[in-house]
Amino acid sequence: MTNAELNDLKKRYVANGAASPATQFADRAENAVIWDADGNRIIDFAGGIGVLNIGHRHPKVVEAVKAQLDRVMHTCQTVMPYEGYVKVAEKLSQITPVRGHAKVMLANSGAEALENAVKIARAATGKNNVICFDGGYHGRTFMTMAMNGKVAPYAADFGSMPGNVFRAPYPVPYHGVSEDEALRGLKMALKTDANPRDTAAIVLEPVLGEGGFYPAPASFLKAVREICDEHGMLMIVDEVQSGFGRTGKMFAIEHSGVEPDLITMAKSMAAGMPISAVVGTDVHMDASGPNSLGGTYTGSPVSCAAVLAVLEVFEEENILARSQALGEKLGKRFAKWQQAFDCVDNGRHLGAMAAIDLVSDRANHTPDADLAAALCKRAREKGLVLLSCGLYGNTIRFLMPVTIEDEVLEEGLAIVEASLKELVGQPTTA
C-alpha cells in the first residue's frame, strides 16, 4: 500500500491519541536508513526513540530471532520456563552495576519495568512513598504518569493520578537549578511531604531523557545515594533511554561510580524487540512472594534471543568505544553550529547521548519550541527523522544508531544545517 492509502486507514481506524502525526509509513529499514511505503529513503536520527543503538535489523539479532522462531515462540515463563530467560538474567546480573549480587526480572516495556521497581521497593522496605524529579519521564501507565516530571501530553487528559509520589528539582544549571538547589529541594521534600520513614525509594534518570538530555553531576548522584542510605530508602536508577551504550558506558550511572539498589532498562537492550528488565540487589529483588512479579509475555523467548545477540554485538563490535567516538563527532559539530547560528545553544553530550537547545535569546537561554518543531518538520521534508524533547520543547536530541556509517551521519548533519539556514536565514560555516 502507498503512504496515502495507509494514511486514510490511519485516520479511520487508529485512535487520535495513539496515531502518529507522520505521514510516511516505514516499509523496510537497515542500520540508520528507512525506506517508506512509496520507496523514499529517510535517514534515521531517532532510532525508534533510543531503541536502535546498534541499528535497524542488525544481522546478528535478525538471525537469533529467526532461529528462536523455529524453536519456541511462547510458553509464559511462569508456566514453562526456558533457557533464554535465565541466560538473559545471568548476563544482566553480570554487567549491571548494582550493589552486591544482582537478580533480575524481565518485563515488556520501560513503564512496566518502573512499575515493578516501585513494587519491589515497597516490598523490600515496607514503605509507600516515592520521590521523583522535575523533568523526569518514566512511562505512560498510571503509576509512571504520576512519577513523570512533565504533565502534558502524558497525563493531562486522564484525571487523578496515584498518590504517594513526590517531586524534587533536578539539577540543570542551564535553566537556573544548581546542584545545591536541587539537593536543598530534595531534602526539603523529605521534611515537608515525604517523611523518610514512609518513603520507599528515590527514582531518577542519570541523564534526563524526555526532559532534555541533561546529565546529573556525579556528585549529585553520590549525594542521593548517601541520602538513601541515611534513611533506609532504595535508590532506583531509570536507564530505559540512557542504557545499553548510549552514553559510552553500558549504563550511564557508571560514569559516576555510584551503585544503586535497582536499575530499570528497556529500549536498546533488544534492538527493537519488546522487552525490559529490573535488575537489583538480591535481597531486595527477593522481598516479594512467589508469583508476585511477572506477566503473560514478560521475557518472551524471541525477545530474550534478541537480548543475548545484542550483548554479543556489543562485545564483538566495540559498541561502547564507537558511542564515545560518535559523541565526540557530534560535540565538535555542535560547537560549529553555535558559532554559525545565534539560535543554537548549549551543545552537550555524554557519549552519544547528545543534544542542542534552540533559543530566541541566547543570553537569557530563552527556549524556542516553535523553531524546534519547525526544524524537525523541515528535516523530515528533506529526508531526515529528527526529534525534539525537553521540559520547554526546545531541545533537539540525536539518537541515531551508534553504528551509523560516516557518510550517512554526515548526510544527516548536513540536512540539519541546511534546514537551520532556511529557517533562520543565517549562513552556516559548519
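Begin by selecting K87 and E90, whose side chains meet in a salt bridge at 3.5 Å, N to O, in what is a predicted model. Both residues lie in helix α4 (residues 83-95), where they are three residues apart, about one turn of the helix. An α-helix has 3.6 residues a turn, so residues three or four places apart point the same way. K87 is partly exposed, with a relative accessible area of 33%, and E90 is likewise partly exposed, at 35%.

Next, select D286 and K103, which form a salt bridge of 2.9 Å, N to O, through their side chains. D286 sits in the loop between α9 (282-285) and α10 (301-316) while K103 belongs to strand β4 (residues 102-107), so this pair ties together parts that are 183 residues apart in sequence.

Move on to D261 and R225, where the side chains meet in a salt bridge of 2.8 Å, N to O. Here the link runs from the loop between β8 (234-238) and β9 (262-265), which holds D261, to helix α8 (residues 218-231), which holds R225, across 36 residues. D261 is buried at 4% relative accessibility, and R225 is buried at 7%.

Then select K377, R378, E381, K382 and E422 together, which are linked in a network of salt bridges; the model's count comes to 19 salt bridges.

Finish at helix α1 (residues 3-13), in which N3, N7 and K10 are buried. Viewed down the axis of α1, the buried residues fall within an arc of 60 degrees, so they line one face of the helix. Their cover includes β2 (33-36), whereas D8, R12 and Y13, on the other side of α1, are exposed.

Conventions
Residues numbered from 1 in each chain as written. Predicted model: local features only at pLDDT ≥ 70, side-chain atom pairs only at ≥ 80, totals over all residues. Heavy atoms only, no water. Buried < 20%, exposed > 50% of the residue type's maximum accessible area, 1.4 Å probe, protein only. Helix = DSSP H or I, 4+ residues; strand = E, 2+ residues; numbered from the N terminus. Arc of directions from axis to C-beta. Contact = heavy atoms within 4.5 Å. Salt bridge = Lys/Arg side-chain N within 4 Å of Asp/Glu carboxyl O.
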